[in-house]
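Dear colleague,

I am handing over the structure below, and after it I set out what was found. Please read the notes with the structure open beside them.

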Amino acid sequence: MVFSVFITVSSFVNCGFVPTNENMIPFKTNPGLLLLIIPLILGGNTLFPAILRVILRGLNSLKNKKVAEIDKMLEDDHESNNIGYDHLLTYQRCVSLVLTVVGFIVVQLVLFCCMEWESEVLKDLDSYQKIVTALFLAVNARHSGESTVDLIP
């Protein structure tokens, strides 16, 4: 229980602390855990404005009547929407941000797979585990610093 809470908070705030001596290396054969941590890392860092916009839109659609304050916050005109919260980007900027982040991750994933597919650190993994490990490393290269491979052979 303590481990899961620690990893969740550490990944979301992108500090990269893991309560094991080997970082995330023991979990490289557990793609489920790695796939659960990836959205936490992205949501606590680069994709926070896009997720905030989705949450606000979802909250507004849960009510039977729209909440005027949430509608005002979701307006894309920042001059009329002076709420003083810079993390709430416009819709177009959120889309651009998501596309940019996904583009960088895909490029990193492809490059890592091309260069390290047959490497010594990934030799014990099947293809699915290699792809998930490469995706986890691509996300963490720019965000939290957690690693599933030993960087010092």
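**Thr-133 and its surroundings**

Leaving aside residues up to four places away in sequence, Thr-133 touches Lys-28, Leu-34, Leu-122, Leu-125, Thr-148 and Val-149, where contact means heavy atoms within 4.5 Å. Thr-133 lies in helix 6, and helices here are DSSP runs (H or I, at least four residues; strands are E, at least two), numbered from the N terminus. With a relative accessibility of 0%, Thr-133 counts as buried, a term that means under 20% relative accessible area, with exposed over 50% and partly exposed in between (1.4 Å probe, protein chains only).

**Basis of the model**

This is a predicted model, in which local features need pLDDT of at least 70 and side-chain atom pairs count only at pLDDT 80 or more, while totals for chains, interfaces and linings use all residues. Residues are numbered from 1 along each chain as its sequence is written, and side-chain values use heavy atoms, with hydrogens and water left out.

**The chain as a whole**

The protein chain has six helices and zero strands, and buried residues make up 36% of its 153 residues. Of the contacts in the chain with a separation of 6 or more, 61% are between residues 24 or more positions apart.

**Helix 2 against helix 6**

Helix 2 (residues 31–43) and helix 6 (residues 127–142) pack at an angle of about 20°, and their axes are 10 Å apart; the axes are lines fitted to C-alpha atoms over the stretch in contact, and angles run from 0 to 180 degrees between N-to-C directions. The two helices are therefore roughly parallel to each other, the word used for angles under 35 degrees, whereas over 145 is roughly antiparallel, 65 to 115 roughly perpendicular and the rest oblique. On the helix 2 side, the residues that meet helix 6 include Leu-34, Ile-38 and Ile-41, and their partners in helix 6 include Val-132, Thr-133 and Phe-136. By class, this contact has twelve nonpolar, three polar and no charged residues (Ala, Val, Leu, Ile, Met, Phe, Trp, Tyr, Cys and Pro count as nonpolar, Asp, Glu, Lys and Arg as charged, and the others, Gly among them, as polar).

Asp-124 is found in the loop between helix 5 (91–116) and helix 6, and Asp-124 is exposed, with a relative accessible area of 66%. Asp-124 and Thr-29 are 95 residues apart in sequence, yet their C-alpha atoms are 8.8 Å apart in space.
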